[in-house]
Amino acid sequence: MNKTYKAAYGVLALAVSTALSAEVVPAYQSADNWYTDAQTKLTQKLETNNKFKAKNVILFVGDGMGISTLTASRILKGQQAGNSGEEGYLSFEAFQHTALVKTYNVDAQTPDSAGTMTAMMSGLKTDVGVIGVDEDVERGDCSTAKGNEVTTALELAEIKGLSTGIISTARITHATPAATYAKSADRNWEDDGDMPAAALAAGCTDIASQLVNFEANLEARFKGVDVDGIDVVMGGGRRSFLPKDAAFNSADAVSEVEGDRTDAKDLTAQWQAHYPQGKYVIDQAGFEAVDAATTTKLFGLFNESHMQYEADRANDVAGEPSIAQMTEKAIDILDNNEQGYFLMVESGRIDHGHHAGSAYNALTDAIALSDAVEKAVAMTNPDDTLILVTADHGHVFTIAGYPKRGNPILGKVVSVGSDEAALDAEGMPYTTVGYNNGNGFHDLGNATDADLSYGQDIALGRADLTTIDTTASGYHQEALVPLSDETHSGEDIALHAQGPGAQLVQGVIEQSVVFHLIEQALDLIQE
């Protein structure tokens, strides 16, 4: 066993000891049967705490879903249901086990998604901007990646014979999903058109090619290994799989030339040739036509770039499935394997909403992730399925002022005992949520695409919000420091867990421990 993995087991062993020795305090339901209830709950708790091995693991990653995002999403979800909001929960906040996770990269105090997801997938922290390689790599230098590749939980699951799946509302070649299967000295090398000539000449391959050739690449790295490839892949990013030629445009292409590849390869056709019985789909109709009972391989690319924001999904040209629908379909396919499965689901556009300065879009996508987790919980057995819900990093998104209970989370601050908006030192109202930096205030009315803000000038200084509806979908919050887009934060994020091994999720942990939680539950590392 790798010495790095052995070191992590020391942390897990301590957590096991703590979990099993923790005092169990039952909650009685009535004075008449309190003793029976207490004994039953104690027995159930002890049984749960003695289960560490899972058949299946589902990892949900809310990209950019920091603590403030969780709080604000929880409140917005409750308010959308007609409640005050503060008292509610996102689906996964009902899980019994929670930890805080440190997100720094090896070379960065405030991380990016490539380094953080590589840590979660491999058990090794690495640098900003690199995927599936350790800290010895130099970003952008193809030659340094060779020999520094790490092995991921998804790869180990494949080797063990489990079914595997990847879902993302971002491009499937984007940093978070790519870290499950790719090795790259630069996260931006999504297709060959994104790569410098020197990297191509040195033999490095783009991320899209690595996805389509995952099976052959893994078997080449581990001699004697026979795997059947990733079973379910769904997300955006079709452009990286198609030639830069209008003749290869998909039926729902929105660009004059959809593809971005310069090597003339149609990787969707290559995938279909690898898996002739597999289903390749590009829209809602194709997705709905997939029979999960008989489908063994599914490749869904629903947009040429990222999938739509949840709030903007109805405006897609040909329709896109929601993250909950994709999760449901994936589980329906993967659970056909009696040996079990590993599934990673990313809500990638939470991050993009924040970067664009749109709390509305970020929070709406976080609520959609909560719905997907709820669907997964309903479809699985907590006795054999470990569900982990976390983020890769946070954002400089804040909840401030002194608004009264039930005040609209996207609204202007109205203080306790008042019905009028509170005013700042300049006599202007201000909102509860905002950003420490970013593109700043924009009033785009009822627009549901957060990225429209990038077509606006960077806002400087405060804006008078007196007549502005800050709860509208097109409102973009003010930012203290004007930048082209809002940045990540370096704060800890949350990890929520349910199922066998969930009791190990406690305290403050390194992000790389997430891999070890998955590994110990599925016994992925063979002696």
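This is a predicted model: local features need pLDDT of at least 70, side-chain atom pairs count only at pLDDT 80 or more; totals for chains, interfaces and linings use all residues.
Let's start with two helices. H5 covers residues 153-160, and H9 covers residues 214-221. Their axes are 11 Å apart, and the helices pack at an angle of about 80°. Angles from 65 to 115 degrees count as roughly perpendicular, so that's what we call H5 and H9. Who is doing the touching? From H5 you get Leu154, Glu155, Glu158 and Ile159, and H9 brings Phe214, Leu218 and Arg221. If you sort the residues of that contact by class, you find four nonpolar and three charged, with no polar ones.

How many cavities of 30 Å³ or more turn up in the whole structure? The search finds three. I'll talk about two of them.

Take the second largest cavity, with about 70 Å³ of space. Phe214 is in its lining, alongside Leu211, Val212, Glu215, Ile230, Val233, Trp271, Tyr275 and Phe299. H9 supplies at least two of the lining residues, and so does helix H8, which is 207-212. By class, that lining has eight nonpolar residues, one charged and no polar.

Now the largest cavity, which holds about 90 Å³ of space. It has 13 lining residues, and the closest to its centre are Thr169, Gln308, Glu310, Ile323 and Asp365.

H14 brings me to my last stop, Val377. The helix spans residues 359-379, and Val377 is found in it. Is Val377 buried, exposed or something in between? Buried would need under 20% relative accessible area, and exposed would need over 50%. Val377 comes out at 28%, so we call it partly exposed.

As for neighbours, leaving aside residues up to four places away in sequence, Val377 touches Phe95, Ile387 and Gln498. One more pair to look up on your screen is Val377 and Ile58: they sit 319 residues apart along the chain, with 10.0 Å between their C-alpha atoms.

That's my tour, thanks.

Notes: Residues are numbered from 1 along each chain as its sequence is written. Side-chain values use heavy atoms; hydrogens and water are left out. Axes are lines fitted to C-alpha atoms, for helices over the stretch in contact, and angles run from 0 to 180 degrees between N-to-C directions. Helices (H or I, at least four residues) and strands (E, at least two) are DSSP runs, numbered from the N terminus. Angles under 35 degrees count as roughly parallel, over 145 as roughly antiparallel, 65 to 115 as roughly perpendicular and the rest as oblique. Contact means heavy atoms within 4.5 Å. Ala, Val, Leu, Ile, Met, Phe, Trp, Tyr, Cys and Pro count as nonpolar, Asp, Glu, Lys and Arg as charged, and the others, Gly among them, as polar. Buried means under 20% relative accessible area, exposed over 50%, partly exposed in between (1.4 Å probe, protein chains only). On a 1 Å grid over the protein atoms alone, a cavity is a set of points where a 1.4 Å probe fits but cannot get out, and a pocket is an open set with protein on both sides within 12 Å along at least five of seven lines; lining residues have an atom within 4 Å of a point. Grid points are joined across faces, edges and corners, and a volume is the space filled by probe spheres set on the points.
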